[in-house]
2 protein chains.
Amino acid sequence: MIPAFLENDAAAVQARLQTIYPRGERTCSVLYRAQNYSLLAGGKRIRPALVLESCRMLGGDSRVALDFAAAVEMVHTYSLIHDDLPCMDNDDLRRGRPTNHKVFGEDIATLAGDGLLTDAFGVILSCPYASDKSRADAALALSRGAGSFGMVKGQVIDMFGEKNTLTEQELLELHRGKTGALIEAAVRLGCHAAGIEEGDTRFDALVRYAQHIGLAFQVMDDVLDCTQTAEIMGKSVGGDARDQKTTFMTFYDVQGAKAYAADLTQRAIDAIEDIAGSENLIELARYLAKRSY
Amino acid sequence: MIPAFLENDAAAVQARLQTIYPRGERTCSVLYRAQNYSLLAGGKRIRPALVLESCRMLGGDSRVALDFAAAVEMVHTYSLIHDDLPCMDNDDLRRGRPTNHKVFGEDIATLAGDGLLTDAFGVILSCPYASDKSRADAALALSRGAGSFGMVKGQVIDMFGEKNTLTEQELLELHRGKTGALIEAAVRLGCHAAGIEEGDTRFDALVRYAQHIGLAFQVMDDVLDCTQTAEIMGKSVGGDARDQKTTFMTFYDVQGAKAYAADLTQRAIDAIEDIAGSENLIELARYLAKRSY
């Protein structure tokens, strides 16, 4: 069961995202159509929910959080569009629909992603309700999470791992970058939306929370890839073993990996449970841990 | 003859750019090598010079301007890497060297560009000498110049123009986006580095200056494509006419286009000549107008 607050957050973010791209003139309307095609396609909107719920817990302005949340989802969407490109994962389907480049062509898909990434910073930086410090620090956190020392680095390590055996340390580094960095950026943005800075105990607790749920999610991903059927997952499975890819299953058996994921989830909850108003984030951590696909 | 200040600016920017990317671990060093390959390849560094010289004219802190200048060049470099990709212009050579994807592969080239773009915001936003307002406003100006309503939009209009006849208004919109928007962003960043805001007469004068030199440059580009030999230009020429592409030569003859470019350059100079310290920017406008390639 999806928590009610998560559905509400997703609806609020969807409404905000619908305002970003206009129809456009005949010369460029295809760009905005391509961007909206992927941006408004739905999904659970976990990252924006982390922004919104972190800010809510800290008593911040929800209008600021909504802009920051939209920006994180724009960056997530760009990363999916570029990941699906023929020169990357070469995927034809995403959430049951043709991928962006299948519909709009590789050139437009590349530019749609470039634009989404660039515009995400604009959405943060033009938020009329945020202080100068808040918008600058939030945009910096997004750059660090998404850039060459965060998400992009994780993607490159992943490609390296397709041709080389990774150490466990390198596998952790891969996931810290590829999925962890943007999840961590999301709670950082929630803090900046609320005017809470690095060094505040609640800021640091939220960062630990995000790091642990991000890693737990990845560990469970690897477990599910080798235990579930393609039917349940809605995508092909068993690919990791076939490709002899280094995953957490290289270092743990199924039982050990499940215990590791459960431990990470508990540590995420431990990090924030003493903070007033952390109920939704705790529920989110439990919800993410329970998924079977 | 390249003006001496332009050579000095280029050297300062080069030194700053060399500090951005580390060697990296074995898992991701290819990313930073790919980024440095294109970022440190040289070029006239016109955009960063516009940041530095605008800030200097306004009496701002040159350390701030140098960070902002580096960021603009990172965005320019990302745009070149992505433009050269097989799904875009499919170019094998850039400044006499193999293009990024020819050396590192399309996947790494795509990610190298994504990272450069994302990191550019980080360079602005982590500048320790800039005020919160200055770094936030500068990063916003960069997002607007480079994003889906600026440079990316111009690129999409260019692609539309390859299959459709453009009106003169649409051609202007193409160039305002494709090259003009980042040139304009450069002077905006110079102003923000100096703490000068939109609405200040010098800010508005610099924006007009940038808009006019950007357009003059494009008009001369179209003239040279139909008047110069491939030998002088160092690249293939006459492609516009062969492709029946809409250019300024669709609307002007050679003499008319040259007069238009000269008029734009003069209007750029007129915009700033009464501002104390504008000598270098005036020299830059004249230098750009005189080029024969």
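1. A:Gly177 counts as buried, with 25 C-beta neighbours inside 10 Å. Here a residue is buried if 20 or more other C-beta atoms lie within 10 Å of its own, exposed if 12 or fewer, and partly exposed in between, with C-beta atoms placed from the backbone. A:Gly177 is found in helix 9 of chain A. Helices (H or I, at least four residues) and strands (E, at least two) are DSSP runs, numbered from the N terminus.

2. What does A:Gly177 contact, leaving aside its neighbours within four places in sequence? The partners are A:Gly150, A:Met151, A:Lys153, A:Gly154 and A:Ile157. Two residues are in contact if their C-beta atoms, placed from the backbone, lie within 7 Å. A:Arg23 is 154 residues from A:Gly177 in sequence, and the two C-alpha atoms are 35 Å apart in space.

3. A word on the model. It is predicted, so to speak of local features requires pLDDT of at least 70, side-chain atom pairs count only at pLDDT 80 or more, and totals for chains, interfaces and linings use all residues. Residues are numbered from 1 along each chain as its sequence is written, and chains are lettered from A and ligands numbered from 1 in the order in which they are written. The pLDDT is the predictor's confidence in each residue, from 0 to 100. Chain A has a mean pLDDT of 94, and 95% of its residues reach 70 or more. The model scores ipTM 0.96 and pTM 0.96.

4. Chain A has 14 helices and two strands. Its radius of gyration is 19 Å, close to the 19 Å that the globule rule gives for 293 residues, so chain A is as compact as a globular protein of that length. That radius is taken over C-alpha atoms, and the rule is 2.2 Å times the number of residues to the power 0.38. Along the principal axes, the C-alpha atoms of chain A fill a box of roughly 50 × 50 × 35 Å. Buried residues make up 54% of the 293 in chain A.

5. Next, the core. The largest nonpolar core has 192 residues, and A:Leu142 and B:Leu142 touch the most other members. Such a core is a set of buried Ala, Val, Leu, Ile, Met, Phe, Trp, Tyr and Cys residues joined through C-beta atoms within 7 Å. How do the two chains relate? Chain A can be laid on chain B with an RMSD of 0.0 Å by a turn of 180 degrees and a shift of 0.0 Å along the axis. That is the relation of a two-fold axis. Copies are superposed by least squares on the C-alpha atoms of residues with pLDDT of at least 70 in both. A:Ala136 comes closest to the rotation axis among the residues of chain A, at 2.4 Å (C-alpha).

6. At the interface, 42 residues of chain A are in contact with 42 residues of chain B. Helix 6 of chain A supplies the largest share of the side that touches chain B, twelve residues. By class, that side has 19 nonpolar, twelve polar and eleven charged residues. Ala, Val, Leu, Ile, Met, Phe, Trp, Tyr, Cys and Pro count as nonpolar, Asp, Glu, Lys and Arg as charged, and the others, Gly among them, as polar. The copies meet through the same surface, because 100% of the interface residues of chain A are also interface residues in chain B.

7. Two loop residues deserve a look. Phi of A:Asn90 is near 50 degrees, a positive value in a residue other than glycine. A:Asn90 lies in the loop between helix 4 (62–84) and strand 1 (93–94) of chain A. A:Asn90 is exposed, with 11 other C-beta atoms within 10 Å. Phi of B:Arg95 is near 55 degrees, again positive in a residue other than glycine. B:Arg95 lies between strand 1 (93–94) and strand 2 (97–98) of chain B.
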